[in-house]
Amino acid sequence: IAGVYSVLPLHSRTTTESVYLPALDAATRAIELDSSLAEAYAARAQVQLPRWRWNEAEADLRKAIPIDARFASGHQWLGELLMVRNRVPEALATLKRAAEIDPVSPVIASSYSMALSLAKRDADAVAQAKRGVDLDSTFFLPRLVLGVAHLLGGRPHEAFPGLEVARALGTLSHVRGFLGYAYAR
């Protein structure tokens, strides 16, 4: 239950505020019932992120990963948190590990691409984003990340195709924001 609540705002119009307490309660209860559930720690970490409780989230993710070293989402979420905290080398290693564990996840491929972009490894970032598109051409996220990889690499004209398809496939406002930025550039 905590896992569903923790990602619901990413995939619907549900607000993070409306799910915060039920998600936190469900994750905490799951940990009380069985402290060996990596997913419960990871879900609790995801709930903390929108509240900028990064230390708590990182602590929970660092508890989750040793419990289940093959829990790809735990590695992914830790890598994304490390990116936000500008710890790019750590994020790269963590997201690379997530991609090794789950090589067919377009979400993980997209996150890894973003870390590669932040590390200024433009060609690798574009290649990884294209891999995400190949894994699921109907999902907006890999298309968005492909466009962002081109933007961060200084090629706004090459960003348009990915961003336009992402806009057609998804409803998140940041797709339009990146598209507007590409046009402005």
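Arg-51 counts as partly exposed, with 35% relative accessibility; that label covers the range between buried (under 20% relative accessible area) and exposed (over 50%), using a 1.4 Å probe and protein chains only. Keep in mind that this is a predicted model, where local features need pLDDT of at least 70 and side-chain atom pairs count only at pLDDT 80 or more, while totals for chains, interfaces and linings use all residues. Residues are numbered from 1 along each chain as its sequence is written, and side-chain values use heavy atoms, leaving out hydrogens and water.

So what does Arg-51 pair with? It forms a salt bridge with Glu-17, with the closest N and O atoms 3.0 Å apart. A salt bridge here is a side-chain nitrogen of Lys or Arg within 4 Å of a carboxyl oxygen of Asp or Glu. This pair ties together distant parts of the chain, 34 residues apart: Arg-51 sits in the loop between helix H3 (38-48) and helix H4 (54-67), and Glu-17 in helix H2 (residues 16-33). Helices are DSSP runs of H or I with at least four residues, numbered from the N terminus. Glu-17 is exposed, at 53% relative accessible area.

Now look at helix H6 (residues 88-101), where Glu-100 and Arg-97 are three residues apart and so separated by about one helical turn. They form a salt bridge too, the closest N and O atoms being 3.5 Å apart. Both are partly exposed, Glu-100 at 46% and Arg-97 at 31%.

Arg-121 and Asp-124 also meet in a salt bridge, 3.0 Å from N to O. Elsewhere, shared partners join Glu-58, Arg-62, Arg-85, Arg-87 and Glu-90 into one network of salt bridges. The structure holds 12 salt bridges.

Key:
Helix = DSSP H or I, 4+ residues; strand = E, 2+ residues; numbered from the N terminus.
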